[in-house]
Amino acid sequence: MKKLLFCFLIYLLQSCASKQYLKKHGFSGEITRIIEKTYVIQNNQKKLLYTKTLNFTKNGRVKTSKTLDSLDNFIEKTEKRLWFEKRSYPYKLPYYCKTRWKPKQRERISCYTQKQYKQNEVIVHYTKSGLIDKIVDNFSTFYTHQYQYTNSELTKIIVTDKDSNLVNTIKVKCLSKDNKGNCLEQKKESTSSDSIYITFFTFTY
């Protein structure tokens with residue numbers, strides 16, 4: 001009976017545990033904090049869109065995060081709780097997001113309000129090495145984001161609708177890296193909008 005209970009608890013913990021953020025995004029080293037500054041290129045000038053600060057647990061999961069716009073107004077805050085993640089916003093009710101592990105290297109991430117109204121849900125598929133393979137939206141856009149890699153480095157994201165029609169192709173290129181192999185400057189080009197985005201990463205090890 002004790003053995004059966006132990007097996008059930010292990011299964012329950014695995015079903016609620018999320019993949020390590022650092023691993024699934026291809027970061028290496030013992031990172032405790034990442035600051036991301038994302039700019040859009042307009043008329044050959046960089047315009048700051050947002051700044052995101054992520055603080056990590058010892059096992060590489062997001063403990064807290066905070067996203068600010070160019071005027072330092074907060075857009076989103078997240079807090080890791082025992083069984084879920086709380087996401088707070090300035091002008092709407094917070095979301096409570098739960099991750100459930102599914103067979104065949106998949107996670108289901110569902111977000112609700114406190115009154116249990118579902119707000120969004122995605123299925124995240126992973127490669128055998130633990131990187132994101134694709135993200136399928138099951139609630140709002142119903143878009144699928146397919147991730148492509150070269151030597152384990154993200155190079156392209158292909159976005160399709162629920163009928164498999166192409167919506168967007170995002171080309172991704174790392175322009176510089178630090179001595180641990182983590183990207184310091186990343187460029188993204190969107191073919192649907194002809195937009196170019198540059199993200200600068202600052203790591204605390």
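**Conventions**

I number residues from 1 along each chain as its sequence is written, and my side-chain values use heavy atoms, with hydrogens and water left out. Since the model is predicted, I require a pLDDT of at least 70 for local features and 80 or more for side-chain atom pairs, while totals for chains, interfaces and linings use all residues.

**Entry 1: overall form**

I looked up the secondary structure and found 2 helices and 14 strands in the protein. Helices (H or I, at least four residues) and strands (E, at least two) are DSSP runs, numbered from the N terminus.

I then checked the dimensions. The C-alpha trace spans about 65 × 40 × 40 Å along its principal axes. The radius of gyration is 18 Å, which agrees with the value near 17 Å that a compact globule of 205 residues would have. The radius is taken over C-alpha atoms, and the globule rule is 2.2 Å times the number of residues to the power 0.38.

Of the 205 residues, 32% count as buried. Buried means under 20% relative accessible area, exposed over 50%, and partly exposed in between (1.4 Å probe, protein chains only). Among contacts with a separation of 6 or more, 24% come from residues 24 or more positions apart; a contact means heavy atoms within 4.5 Å.

**Entry 2**

I followed the pairing of β8 on both of its recorded partners. With β7, β8 pairs in the antiparallel sense over 7 bridges; two strands pair if DSSP finds at least two bridges between them. Tyr112 has Lys118 in β8 as its bridge partner. The two strands form a hairpin with 5 residues between them, and Gln116 in the turn has a positive phi of about 70°.

With β9 (residues 132-137), β8 is again antiparallel, over 5 bridges. Here I noted Ile123 opposite Val136 in β9. This hairpin has 5 residues between the strands, and Gly130 takes a positive phi near 95°.

**Entry 3: disulfides**

I searched for cysteine pairs with sulfur atoms within 2.5 Å, the cut-off for a disulfide. The count comes to 2 disulfides. A disulfide is a covalent bond between the sulfur atoms of two cysteines.

Cys97 and Cys111 have their sulfur atoms 2.0 Å apart. I recorded this disulfide as right-handed because the torsion about its S-S bond is about 110°. The bond links distant parts of the chain, from Cys97 in strand β6 to Cys111 in strand β7 (residues 106-112), 14 residues apart. Both Cys97 and Cys111 are buried.

Cys174 and Cys183 form a disulfide with a sulfur separation of 2.3 Å. The link is right-handed, with 115° about the S-S bond. Cys174 is buried at 17% relative accessibility, and Cys183 is buried at 12%. Counting bonded cysteines along the chain, I read the pattern as 1-2, 3-4.

**Entry 4: aromatic pairs**

I listed 9 aromatic pairs in the structure. Rings of Phe, Tyr and Trp (its six-membered ring) pair if their centres lie within 6.5 Å; planes under 30 degrees apart count as stacked, over 60 as edge-to-face and the rest as tilted.

One of these pairs is Trp101 with Tyr126, stacked at 6.4 Å centre to centre with 25° between the planes. The pair links distant parts of the chain: Trp101 is in strand β6 (residues 95-102) and Tyr126 in strand β8 (residues 118-126), 25 residues apart. Trp101 is partly exposed at 31% relative accessible area, whereas Tyr126 is buried at 6%.

I next examined Phe201 and Phe203, which count as stacked because their ring centres are 6.1 Å apart and their planes stand at 10°. Phe201 is buried at 10% relative accessibility, and Phe203 is buried at 13%. Ring pairs join Phe201 and Phe203 with Phe27 and Tyr205 in a cluster.

**Entry 5: charges over rings**

I checked for NZ of Lys or CZ of Arg within 6 Å of a ring centre and within 35 degrees of the ring normal, the rule for a charge over a ring. The charged end of Lys19 sits over the ring of Tyr126, 5.3 Å from its centre. Lys46 lies over the face of Tyr39, at 5.2 Å from the ring centre.

**Entry 6: Arg81**

I located Arg81 in the loop between β4 (74-80) and β5 (85-88). Arg81 is partly exposed, at 33% relative accessibility. Its C-alpha atom is separated by 22 Å from that of Leu68, 13 residues apart along the chain.
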